[in-house]
Structures are given as structure tokens and as C-alpha cells.
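Visitor: I have a protein model open and I would like to learn how to read it. Could you take me through some of its features?

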Amino acid sequence: MILDAQPDMEVVSAVADGAEAVAEARRLRPDVCLLDIRMPKLDGLEVTRALAGPGVENPLRVVIVTTFDLDEYVYGALRSGAIGFLLKDSGPTLLIEAVRAAAAGDSLVSPSVTVRLLQHLSRPRRSAPPMDDPLTDRELDVVRLVAKGRTNQEVAAELFVSLSTVKTHLGSIFAKLGVRNRVEIAAWAWESGVVS
């Protein structure tokens, strides 16, 4: 009801279980898929991996919306390819913004989850293996700003470059890191110590 009430959104399908979610999402190719963690037949993490996980050709944008505020679900969802993670008590405004962000290729994670996620990711890790094609200084600047939650427009303004230049840098970063979305860039930045 919340999403259908938005003038720029249309719910194209509502399903009863995870297996049906995979089938309908593959058939309809929606701009954004909203999934719960706990669903019959296939859970939200399995569905996320099937629709957006590593190795999926033309991945869909998945946002997890759940009542289960457990770190294992957050990390599992984001590592499985989810572009957003919301708690159901976040309210309708955040839900709408998460769908809009995902549709635009951006990420939104519930604020209460973000603090824990960043604390976890900022713990010292073993250093990442050297990259065949390391990031340039400017690409690292973009990575740092993305990891801090900046939009493309904000990155462009802070670095005094055009929006198309930011998009070019992001394309190169995606390729060099082997990631597919901003959440994965941020996770890499925190895990590798680029951002602290």
C-alpha cells in the first residue's frame, strides 16, 4: 500500500514465498525487489543470491526489509548482493527512500544497522592481496566518499569534477575491485582500511 500510493512507483507483483519471488523477479525484471529474510521455500538470502549474487548475469537490485535485526542477516544480505537493508520499524518514509535509492543504483541501510556495520567493517583485517591493476589516487578519493555515503552528485561537488567523470571512475572501480554496487565498494573500503 505504501509503495503503490507513490506516484512514481508501481508494485508489479506480490508473492507468497521465496521460490515464487525468484520466478516472478526473473520473469518481470522489476527495477527493485523487496524481500524479507524469512520466507517459505527459499529464504531472503537464498533469493538474493539467486537474483543479485556473485556470478548472476544482469543482477537485479534487491532491498531486504525485515524485523530481524541480526548482524548475520545484515552481512549475509549485503554479501549476497543486496543493495539495501531496512528494518520494518524504520517507517514508510525510509522504505520509499530505499526503493528510490535502489532504483537509482544507490544504497540505503537502516541507520541503526549502519553504525554496527561500520564498526564491524572497521576492525583490522589481514591486508588484501595486491591488485593487478591498483586504484589510482583519484579512484581512491571516490571510494572514500562512496564509503561515507556520498551520492554521485556529492562526490562530483567535493572533488570538483563532473558527474560523468565520477561515473567513469566508478566504472573503473567496479571493474578493478570486481564489485557490482556501492555497498560492495564501501565494504571493500572499510575492510581494506582505506576508510577508518
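Guide: We will go through salt bridges, strands, a loop residue and a helix end. This is a predicted model, so local features need pLDDT of at least 70 and side-chain atom pairs count only at pLDDT 80 or more, while totals for chains, interfaces and linings use all residues. Residues are numbered from 1 along each chain as its sequence is written, and side-chain values use heavy atoms, with hydrogens and water left out.

Visitor: How many salt bridges does the structure hold?

Guide: Start with the idea. Side chains of opposite charge can pair when their charged atoms come close. A salt bridge here is a side-chain nitrogen of Lys or Arg within 4 Å of a carboxyl oxygen of Asp or Glu. The structure holds nine of them.

Visitor: How far apart are the closest N and O atoms of E97 and R100?

Guide: They are 3.4 Å apart, and the two residues form a salt bridge. D8 joins E97 and R100 in a network of salt bridges.

Visitor: Where do E97 and R100 sit in helix 4?

Guide: First, the general rule. An α-helix has 3.6 residues a turn, so residues three or four places apart point the same way. Helices are DSSP runs of H or I with at least four residues, strands are runs of E with at least two, and both are numbered from the N terminus. E97 and R100 are three residues apart in helix 4 (residues 92-103), about one helical turn.

Visitor: Which residues form salt bridges with D141?

Guide: Look at helix 6 (residues 137-147). D141 pairs with R138, the closest N and O atoms being 3.5 Å apart. D141 also pairs with R144, and there the closest N and O atoms are 3.4 Å apart. R138 is three residues from D141, about one helical turn. R144 is also three residues from D141. D141 is partly exposed at 28%, R138 at 32% and R144 at 31%.

Visitor: Now the strands. Which residues lie on each side of strand 2?

Guide: In a regular strand the side chains alternate between the two faces of the sheet. In strand 2 (residues 62-66), five of the five residues are buried. V62, I64 and T66 lie on one side, and V63 and V65 on the other.

Visitor: How many bridges pair strand 1 with strand 2?

Guide: Two strands pair if DSSP finds at least two bridges between them. Strand 1 (residues 33-35) and strand 2 have three, in the parallel sense. C33 stands opposite V62. The chain goes from strand 1 through helix 2 (residues 44-52) to strand 2, a right-handed β-α-β crossover. Right-handed means that, with the strands pointing away from the viewer, the path from the first strand over the helix to the second runs clockwise.

Visitor: What does strand 3 pair with?

Guide: Strand 3 (residues 84-87) runs parallel to strand 2, with four bridges. I64 has F85 as its bridge partner, and V65 stands opposite L86. Both faces of strand 3 are covered: G84 and L86 are buried on one side, F85 and L87 on the other. Two bridges join strand 3 to strand 4 (residues 108-109), also in parallel. There, F85 has V109 as its bridge partner. The chain crosses from strand 3 through helix 4 to strand 4, and this β-α-β crossover is left-handed.

Visitor: Which residues does L135 touch?

Guide: Contact means heavy atoms within 4.5 Å. Not counting residues up to four places away in sequence, L135 touches L140, V143, I173, K176, L177 and W188. L135 lies in the loop between helix 5 (111-122) and helix 6. L135 is buried, at 11%. L135 and L177 are 42 residues apart in sequence, yet 8.6 Å apart in space, C-alpha to C-alpha.

Visitor: Last one. What follows helix 9?

Guide: G193 does, with a positive phi near 85 degrees. Within helix 9 (residues 182-192), the buried residues include V183, I185 and W190.

Conventions:
Buried < 20%, exposed > 50% of the residue type's maximum accessible area, 1.4 Å probe, protein only.
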